[in-house]
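Me: I should like to learn how to read the features of a structure. Please guide me through this one.

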Amino acid sequence: MTQGIDFDSLLNLEEDFYRQSYDDAFQIGQDHSTRDGKQFGIQTGFQRFILIGALKTTTERIIAEKKSIKATDDLKLEKHLKTLNDILEIINSFYSGTTVKTTNTVDDVNDYERKIKTIRSKLKTLYAQLGEKSLFPELESLCKSTAREIPTTQINGGEEQNLW
């Protein structure tokens with residue numbers, strides 16, 4: 001009578017339920033992490049696009065303003081215009097046509113970080129020379145208030161010390 005019943009499967013019943021529960025929880029966690037990663041990427045991209053656009057617009061306006069005035073020191077004006085055009089060239093490297101590039105490879109991210117550091121340092125120096133030392137911090141602050149900061153506790157879903 002007991003030849004058709006598999007009693008061995010009953011012995012592994014607890015292990016089967018444990019494995020199924022683990023697999024389900026793992027899938028839910030993976031789906032949650034994927035969604036959070038996409039949201040973080042979109043927010044980071046948005047912040048970068050706002051900063052790039054603000055830097056481009058501000059630099060173009062300063063170039064136009066400098067070209068429209070006749071300075072008493074033409075050599076100084078030419079140096080400022082050259083620096084501004086160099087900065088604008090770096091900013092334009094973020095664009096593909098009229099839109100900001102949206103690729104996100106490791107090389108692209110490293111390139112972005114390197115170029116933004118270069119732009120920051122050149123603009124801070126230039127703005128100080130132009131008597132507008134507070135312009136860059138104000139521009140960054142405006143971009144941050146527009147795009148908002150990403151709270152560090154939302155990046156990894158926990159305490160700040162538990163970040164990657």
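The dialogue below takes up confidence, the core and the aromatic rings.

Reply: This is a predicted model, in which local features need pLDDT of at least 70 and side-chain atom pairs count only at pLDDT 80 or more, while totals for chains, interfaces and linings use all residues. Residues are numbered from 1 along each chain as its sequence is written, and side-chain values use heavy atoms, without hydrogens and water.

Me: What is the mean pLDDT of the protein chain?

Reply: pLDDT is the predictor's confidence in each residue, from 0 to 100. The protein chain has a mean of 82, and 85% of its residues reach 70 or more. Over residues 152-156 the value is below 50. Where pLDDT is low, the predicted coordinates should not be read in detail.

Me: Which residues have the most contacts inside the largest nonpolar core?

Reply: A nonpolar core is a set of buried Ala, Val, Leu, Ile, Met, Phe, Trp, Tyr and Cys residues joined through side-chain atoms within 4.5 Å; buried means under 20% relative accessible area, exposed over 50%, and partly exposed in between (1.4 Å probe, protein chains only). The largest core here has 27 residues, and those with the most contacts inside it include Ile52, Ile116 and Phe94.

Me: How many aromatic pairs does the structure hold?

Reply: Rings of Phe, Tyr and Trp (its six-membered ring) pair if their centres lie within 6.5 Å; planes under 30 degrees apart count as stacked, over 60 as edge-to-face and the rest as tilted. The structure holds two such pairs. Tyr22 and Phe26 are stacked because their ring centres are 6.3 Å apart and their planes are at 20 degrees. Tyr22 is partly exposed, at 42% relative accessibility. Phe94 and Tyr112 form a tilted pair, and Phe94 is buried at 8%.

Key
Contact = heavy atoms within 4.5 Å.
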